[in-house]
Amino acid sequence: MSGGTALDYSSRLLLLVAALTVLLAGPPVQDAITKAVEAKVSSGSALHEPSHELMSHVIDGLKEAERAQYLYERIERVEIRKQAVDPDPQSVRVSRVIPAGTGLAKIPLGPDGKPTDADAYRAELDKVLKALTWAVETGQTQREAYQKIQKKQKDRDELIDATRNAFLLAYVGQEPRGDRMLSKYRMAPNPAFKPTNRATSIYTKVKGFLWVDDAAQQLAQVQGEVTDDISLGVFLAKIYKGSRFMQDRYEMAPGIWLPSFSQYDFDGRKFFSNISVHEKTFYSGYKRIGSPAEAIPQIQSELARLDEMKAKPATDHRN
């Protein structure tokens, strides 16, 4: 296996862990904020958990946002650095990410976020249309593919649900972000939490801070640190203590808060080789494309416009 392939495989493993840890206890709503302030006044440093009712509301919102990522296309700019402190990235990868039924299609773009080759871009878009057309059919293969997606979503939901008891929050204070006010919370593992599997055991090895948008009652930012080495399978991979991650989130559609920026700085080991992952991802251009049935006419219309634009120069030349 080449070094580049090994790094890509390790990155996926590490980003999986990062994704799980980003789905933390969730944003407490105003009642929880009031309780936190009261707890701070009475005990100075007391940790608290939002009520079951509030957590249910928050977790439902996180699940909705999770599903929304498969209904909204976006532009992703991934910058890879050798070290976290490096001012310039080693490489930059920009993609248009389009939900395509049973997966996500990624169309490469140039550093400016535009296609570098019109014909290649159209060919990739045509592949997306074929994938969407396949996804709306009702054959056995499609049913099996959707069952796999549903299983993954169920597993993801269970991981989100596990955060009900995985973390304790302590109110720190308020900070402005633009014209909005955020409440900051210190996040710590709940010593009473009992992991049910290897994935949920990750929660016992993460600490950090989260920021809640007071008006929207949504998670606006999270920063975390790995407090103990995390093993991924026997001799498969390990993430070292001290690895960090963070994510910013904004309202990208009414009531839907999605990532605008993520950063992962992980050091670890894969088999017997040391690995280091330092990635920054910028998300922009969110646009609802919907289900495959909704997306098909949009992609067809875009392909038609591209064909029209390509034909115009030839027509103008003849005239």
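**Note on the predicted model**

1. Start with lysine 63. Setting aside neighbours within four places in sequence, lysine 63 contacts Asp157, Ile160 and Asp161 (contact: heavy atoms within 4.5 Å). Lysine 63 sits in helix 3, residues 52-68. Helices (H or I, at least four residues) and strands (E, at least two) are DSSP runs, numbered from the N terminus. Lysine 63 counts as buried because its relative accessible area is 16%. Buried means under 20% relative accessible area, exposed over 50%, partly exposed in between (1.4 Å probe, protein chains only).

2. Basis. This is a predicted model: local features need pLDDT of at least 70, side-chain atom pairs pLDDT 80 or more, while totals for chains, interfaces and linings use all residues. Residues are numbered from 1 along each chain as its sequence is written, and side-chain values use heavy atoms, leaving out hydrogens and water.

3. Helix 5. Its buried residues are Gln142, Ala145, Gln153, Arg156, Asp157, Leu159, Ile160, Ala162, Thr163 and Ala166. The 27 residues of helix 5 should span 39 Å at 1.5 Å a residue, and the end C-alpha atoms are 39 Å apart, so the two agree. The expected span is 1.5 Å times one less than the number of residues.

4. Helix 4. Aspartate 117 caps its N-terminal end, with a side-chain oxygen 3.0 Å from the backbone nitrogen of aspartate 119. Tyr121, Leu125, Val128, Leu129, Leu132 and Ala135 are the buried residues of helix 4. They lie on the same side of helix 4 because they cover an arc of only 120° around the axis (directions from the helix axis to the C-beta atoms). The face turned away from that buried side carries exposed Asp119, Lys127 and Lys130.

5. Aspartate 213. This residue is in strand 6, residues 206-213. Aspartate 213 counts as buried because its relative accessibility is 1%. Its side chain makes a polar contact with the side chain of arginine 180, at 2.5 Å. A polar contact is a pair of N or O atoms within 3.5 Å; within protein, one must be able to donate a hydrogen and the other to accept it, and residues adjacent in sequence count only if both atoms are side-chain atoms. The backbone nitrogen of alanine 215 lies 3.2 Å from a polar atom of the aspartate 213 side chain.
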